[in-house]
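Biologist: Thanks for joining me! Could we walk through this structure together, one question at a time?

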Amino acid sequence: MTEYETILVERRGRVGWITLNRPQALNALNSQLAQEVTAAAVAFDADHGIGAIVVTGSEKAFAAGADIKEMESMSAADMRATDHFGAWDDFAAVRTPVIAAVSGFALGGGCELAMMCDIILAADTAKFGQPEINLGVIPGMGGTQRLIRAVGYYKAAELILSGRMMGAEEAERAGLVSRVVPASDLLTEATTLADTIASKGLPSLYAAKAALDAAMETPLADGLAHEKQAFAALFDTADQKEGMSAFREKRSPDFTNR
Ligand code: CO8
């Protein structure tokens, strides 16, 4: 497996695990980490033995944002020329379902990374926020767009304009978090959820994720048309025949990912 310096990467059964590992900087997302997380996710995505990816951090921090020290001296021209965080577009584009397992701080780019994932499982210690306004900037990895879609305009505006952090319970009530679990159970819960997802057939997982993405990006009529096409297309897969005959025969399906 490729050597990484800022993340730990492990395959457990059909699940790919990516652990952010810059403890000295609370997992701040520097450009090397962005490249490595994306490379690892893209590699798992290309592996048909993988049905789910989990991204997690440490107990204290999922990620405390983009690396402020790396960005501090950059000019607008530098920022535009380097496409500093362009790698994240490739991360967001993986077809495999991705779970963010968040404990501690998920701030700025850390909150935005969680929002690039499909499911956010939060420890009761998690803290979410977009504090960029305190640094004289604004979210730059999707926060102004994805947070509104998750929690609505007024909640997003309050968080982005004030820089206030919110705890896990508030984030769940607001719709940012899929589920809150006790901090000590976070990795077990993430494992169970990821294993459950990874046990499904890949064609239907890919189709479901693509249809969910379409809902975020298109008007309702276009999204419904996308869903109708994708739903019909799955009837040419072996997994659909297996899933439905298993139901009729009252047994568990044995998906072959075809
Ligand atoms: N960048 C770099 N280093 C960081 C970051 C960060 N985002 N966050 C923490 N660190 C470092 C600290 O500097 C400190 O290092 P050192 O020991 O060398 O001084 C170490 O991590 C531990 O941090 P603290 O001592 O501050 O720990 P505390 O427990 O006291 O505080 C906080 C924790 C509250 C999380 C605090 O560290 C903090 O406020 N961090 C910054 C949070 C923040 O502002 N995040 C937003 C960053 S900007 C951003 O994400 C923009 C994204 C879009 C970019 C897209 C570009 C195209």
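Modeller: Happy to, and please keep in mind that this is a predicted model.

Biologist: Which residues does Lys209 touch, leaving aside those up to four places away in sequence?

Modeller: Lys209 itself sits in helix H10, which spans residues 202–217. Beyond its neighbours up to four places away in sequence, Lys209 touches Val94, Arg95, Thr96, Pro97, Val98 and Asp118.

Biologist: Is Lys209 buried or exposed?

Modeller: The relative accessibility of Lys209 is 6%. The cut-off for buried is under 20%, so Lys209 counts as buried.

Biologist: Which residue has its backbone oxygen 3.0 Å from a polar atom of the Lys209 side chain?

Modeller: Thr96 is among the residues that Lys209 touches. The backbone oxygen 3.0 Å from a polar atom of the Lys209 side chain belongs to Thr96.

Biologist: Which element gives the largest share of the shell around the ligand?

Modeller: Helix H2 (68–71), strand E6 (105–107) and helix H5 (109–116) each provide at least two shell residues. By class, the shell has 13 nonpolar, five polar and five charged residues. The largest share, three residues, comes from H2.

Key
Residues are numbered from 1 along each chain as its sequence is written. This is a predicted model: local features need pLDDT of at least 70, side-chain atom pairs count only at pLDDT 80 or more; totals for chains, interfaces and linings use all residues. Side-chain values use heavy atoms; hydrogens and water are left out. Helices (H or I, at least four residues) and strands (E, at least two) are DSSP runs, numbered from the N terminus. Buried means under 20% relative accessible area, exposed over 50%, partly exposed in between (1.4 Å probe, protein chains only). A polar contact is a pair of N or O atoms within 3.5 Å; within protein, one must be able to donate a hydrogen and the other to accept it, and residues adjacent in sequence count only if both atoms are side-chain atoms. Contact means heavy atoms within 4.5 Å. Ala, Val, Leu, Ile, Met, Phe, Trp, Tyr, Cys and Pro count as nonpolar, Asp, Glu, Lys and Arg as charged, and the others, Gly among them, as polar.
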